[in-house]
Amino acid sequence: MYTEQVTERFKKPRFMGEIQEADSTGEVGNVRCGDIMRVSIKVKDDRIADIKFKTYGCVAAIVSSDYLCELVKGKTLEEAENVTSKDVIERMGEVPAIKTHCSVLAQDALRKAIKDYRKKCD
Amino acid sequence: MKTIYLDNSATTKVDPEVMDVMDYYHGQTYGNASSIHHEGKNAKKALGEARSIIANSLGANDDEIIFTSGGTEANNLAIKGMMYANEDKGRHLITTKIEHDCVLNSGKALEAEGFDVTYLDVDSEGFVSPEALEKNLREDTVLVSIIHANNEIGTIQDIQRLSNICKQHDVLFHTDACQSYTKTPITTEMADLITINAHKLHGPKGVGALYVKQGTAIKPLLDGGGHERKRRSGTENVPGIVGFAKAVELGMDEAHVNKMQALRDYLIDEILKIPHTRLNGPRGEQRLCNNANISFRFIEGESIIMNLDTQGICTSTGSACSSQTLEPSHVLMAIEDDPERAHGSVRFTISRYTTKEELDRTLTALKATVDKLRRISPLTEG
Ligand SMILES: Cc1ncc(COP(=O)(O)O)c(C=O)c1O
Ligand SMILES: [Zn+2]
């Protein structure tokens, strides 16, 4: 069902964890609908200097979280916000159609973290 | 990497002896049991012998057995065939919330045709209450269908008691015994109709049977050449049926059951030592001898089974994430309205081939998996 690429990444995700002194975190999802994601970011000069995730969910949820982190690390906040779940899925390679809904949550969590960060800075 | 197969409630490995007899009836003797030449006669003889073996295993007469393409068809035939044949008596069916999809969806299909279906609740271990069954029986109830041993959580119903209630009220009783057949006693005393299949007991896929008590009218679902005493048309799957009978002969052995029971209890006890785990379904004699179903808090089932799979271990889950409908298991939701419990559930189903060494390797892998996934879960602290 999952490709070799997704399975390999699932075995060794690179961005799992939580940033201790994060500048912002965003959490989305709930247990009733399945997956929950929390993204924490460190911001420096308006760029995502560091990013980590924690995910409760299936393989697609975990791997999409990891790829999102990879995609946005080093990007400006604006660039990061404009990364879409489609970009994440593209980076993952192939995902079963039924799994797309599990693969969009990561982006929602990141946008929430960025939004909160801006609020704090205003 | 050696496979450790712990998904025997999904399907099983075909026993080599079963494969041998099936080979023979594919390539050496291959006639159509309806043909009058010697090849046809050979097939007919083999079919008759297989029928006797299966009938005997249930205490049935040979002509009470209808061979089908598996459990799904047998359940459809039992339910729709009975409801259609008894429309003059009534249009009410009673079943439960923890049936296999083929029973639930047969119920749904009948509802769409204007039949009335009651889905009984179960308690926290998956048991149907005899009192609730009795209360829901009506003048127009034609059939009650209750799964013998549940395929997900292994609950074995007190089928005799439930059946007796139906008998007292003159209502027909069907049980889906796909999971329990050869693993816990099931006889014609216990039901008017019994569904069994071959691929759960080291026989071939695509073969099953429905026991129908003598004198019970049933409307066939397939129009055709009138095979199986006009109740199920279609050229008999002789290799499959002969393989089924062989699998039953090999499987009917209390030693297998005792062995599986001991391994099952070992596995359950060891897994429950992991913190924040709970067993789904009952313990002891009322649990299917090969089933362990455990929920792990804070983590999701699909990622658990995929992580085990990377180590060669095959299991299954009731998580929404791994279902085609994105709904959590209806069985786990029926025992408790707690989606986290369903999402975090893993089913381990052993077979007579399973060894303690395999379980020990599984336990080691499982502990590491749970640890790893809990470390990346936002629901756990730290
Ligand atoms: C309880 C139960 N009923 C029915 C079926 C369906 O049987 P089959 O796969 O032979 O159609 C299964 C297994 O898939 C089952 O576990
Ligand atoms: Zn998911």
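This is a predicted model: local features need pLDDT of at least 70, side-chain atom pairs count only at pLDDT 80 or more; totals for chains, interfaces and linings use all residues.
Chain A and chain B bury about 2200 Å² between them, with 65% of that on carbon and sulfur atoms, where buried area is the accessible area, taken with a 1.4 Å probe, that two parts lose on being put together, summed over both. On the chain A side, A:R32, A:K54 and A:Y56 lose the most area to chain B, and together they make up 29% of what that side buries.

Residues are numbered from 1 along each chain as its sequence is written, chains are lettered from A and ligands numbered from 1 in the order in which they are written, and side-chain values use heavy atoms, with hydrogens and water left out.

Staying with the interface, 26 residues from chain A and 27 residues from chain B take part in the contact, contact meaning heavy atoms within 4.5 Å. How many salt bridges does the rule find across the interface of chain A and chain B? It finds one, and the side chains of A:K99 and B:E302 meet in a salt bridge at 2.6 Å, N to O, the rule being a side-chain nitrogen of Lys or Arg within 4 Å of a carboxyl oxygen of Asp or Glu. Helix 1, strand 2 (36-44), strand 3 (47-56) and helix 2 of chain A each supply at least two residues of the side that touches chain B; helices (H or I, at least four residues) and strands (E, at least two) are DSSP runs, numbered from the N terminus.

Let me turn to helix 1 of chain A, residues 4-11, in which A:V6, A:T7, A:R9 and A:F10 are buried, that is, under 20% relative accessible area, with a 1.4 Å probe and protein chains only. These four lie on the same side of the helix, because they cover an arc of only 165 degrees around the axis, the arc being that of the directions from the helix axis to the C-beta atoms. What covers them includes helix 2 (59-72) and helix 4 (85-92) of chain A, together with helix 10 (301-309) and helix 13 (356-375) of chain B.

Definitions and conventions
Buried means under 20% relative accessible area, exposed over 50%, partly exposed in between (1.4 Å probe, protein chains only).
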